[in-house]
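Biologist: Please take a close look at one part of this model. I would like a single connected account of how that part sits in the fold.

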Amino acid sequence: MLTLLIYVVVIAVVAAALFFVASTVFGRGEELGPLPEGTTATVLPAEAVTGADVRSLKFQQTLRGYKPSEVDWALERLGGEIDVLRSRLSALQQSGAQSGSQLGATSDGRHSVTAEPDEQ
């Protein structure tokens, strides 16, 4: 019985030693080191954010979900992009309303410029 206990202890010690040697030599299995504090791998283009950009967003996970600073940054960027697009849309709608007499809608929904008849 004592011999069996010695075998189990020796096998456990050898396995632990091999584990620590392998961990030291090969690391934790990460290809890249952890990101420095205060940086993020979350990226969005500087302008013209598309739906594919939003769908491809990845956030760093923390103990209780995602890193709040990354999510807040992404939401701020998307909110800014929506504001820019809405202001462009309203500017186009206002300029379209002002030149509405010169624009005519075609059958497929596009607008075409129509020339007014010459007065003689």
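Modeller: Start with the packing: the buried residues of helix 3 pack against helix 2, residues 51-55. Keep in mind that this is a predicted model. Helix 3 covers residues 68-98. It has 31 residues and reaches 45 Å from its first C-alpha to its last, close to the 45 Å expected at 1.5 Å a residue.

Which residues of helix 3 are buried? They are Glu70, Ala74, Leu78 and Glu81. An α-helix has 3.6 residues a turn, so residues three or four places apart point the same way.

Take Ala74. Its relative accessibility is 2%, and buried means under 20%, so Ala74 counts as buried. Beyond residues up to four places away in sequence, Ala74 touches Leu44, Leu57 and Phe59. Val43 is 31 residues from Ala74 in sequence, yet their C-alpha atoms are 8.4 Å apart in space.

Now Glu81, also in helix 3. Glu81 is buried yet has no salt bridge. The nearest side chain of opposite charge is Arg77, 4.9 Å away. A salt bridge here requires a side-chain nitrogen within 4 Å of a carboxyl oxygen. Neighbours within four places in sequence aside, Glu81 is in contact with Glu47, Ala48 and Val49.

Conventions:
Residues are numbered from 1 along each chain as its sequence is written. This is a predicted model: local features need pLDDT of at least 70, side-chain atom pairs count only at pLDDT 80 or more; totals for chains, interfaces and linings use all residues. Side-chain values use heavy atoms; hydrogens and water are left out. Helices (H or I, at least four residues) and strands (E, at least two) are DSSP runs, numbered from the N terminus. Buried means under 20% relative accessible area, exposed over 50%, partly exposed in between (1.4 Å probe, protein chains only). Contact means heavy atoms within 4.5 Å. Lys and Arg count as positive and Asp and Glu as negative; His and the chain ends are not counted. The expected span of a helix is 1.5 Å times one less than its number of residues.
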